[in-house]
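I opened the notebook to go through this structure. The entries follow in the order of looking things up.

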Amino acid sequence: QVQLVESGGGLVQAGGSLRLSCLASGSIFSINGMGWYRQAPGKQRELVATITGIRSTNYADSVKGRFTISRDNAKNTVHLQMNSLKQEDTAVYYCNAAILTIGAVRQYDYWGQGTQVTVSS
């Protein structure tokens, strides 16, 4: 069994910063790609940023230059540093990871429960 647990969400004023973290735990053999997605009220879930096992990154155009994704492979964690936050960044942020569990023959996608980020004016 695998769990992804996010932390670090909250309320921040526009222009401020937040750092999200996601810890993967359980019967993990290896983790390939990790990423952050978000879903605002009434909208579909969208990609925010992804990072591969060799730390190649990809960002949504709307967050380039403001957000930075990073990972600590030894700790099975992924972080999202969010700077210069805007009201339109308000959403529930979800952690995602492609994980090969011990004894499995293929990897599966796992999701966290989400953490709320609210940016006020």
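In which sense do S1 and strand S3 pair, and over how many bridges? I found that S1 and S3 (residues 18–26) pair in the antiparallel sense over six bridges. Pairing here requires that DSSP finds at least two bridges between two strands. I also looked up Val5, whose bridge partner in S3 is Leu23.

Source notes. I am reading a predicted model, where local features need pLDDT of at least 70, side-chain atom pairs count only at pLDDT 80 or more, and totals for chains, interfaces and linings use all residues. Residues are numbered from 1 along each chain as its sequence is written, and side-chain values use heavy atoms, with hydrogens and water left out.

Elements. I counted zero helices and 11 strands in the protein chain; helices (H or I, at least four residues) and strands (E, at least two) are DSSP runs numbered from the N terminus.

Sheet. I traced an open sheet of four strands in the order S1-S3-S8-S7, with antiparallel pairing. S1 (2–7) and S7 (67–72) each have a single partner strand, so one side of each lacks a neighbour in the sheet.

Core. I noted 31 residues in the largest nonpolar core, with Trp36, Leu80, Met82 and Tyr93 having the most contacts inside it. Such a core is a set of buried (under 20% relative accessible area, 1.4 Å probe, protein chains only) Ala, Val, Leu, Ile, Met, Phe, Trp, Tyr and Cys residues joined through side-chain atoms within 4.5 Å. S9 (91–101) gives the largest share, five residues.

Conventions
Buried means under 20% relative accessible area, exposed over 50%, partly exposed in between (1.4 Å probe, protein chains only).
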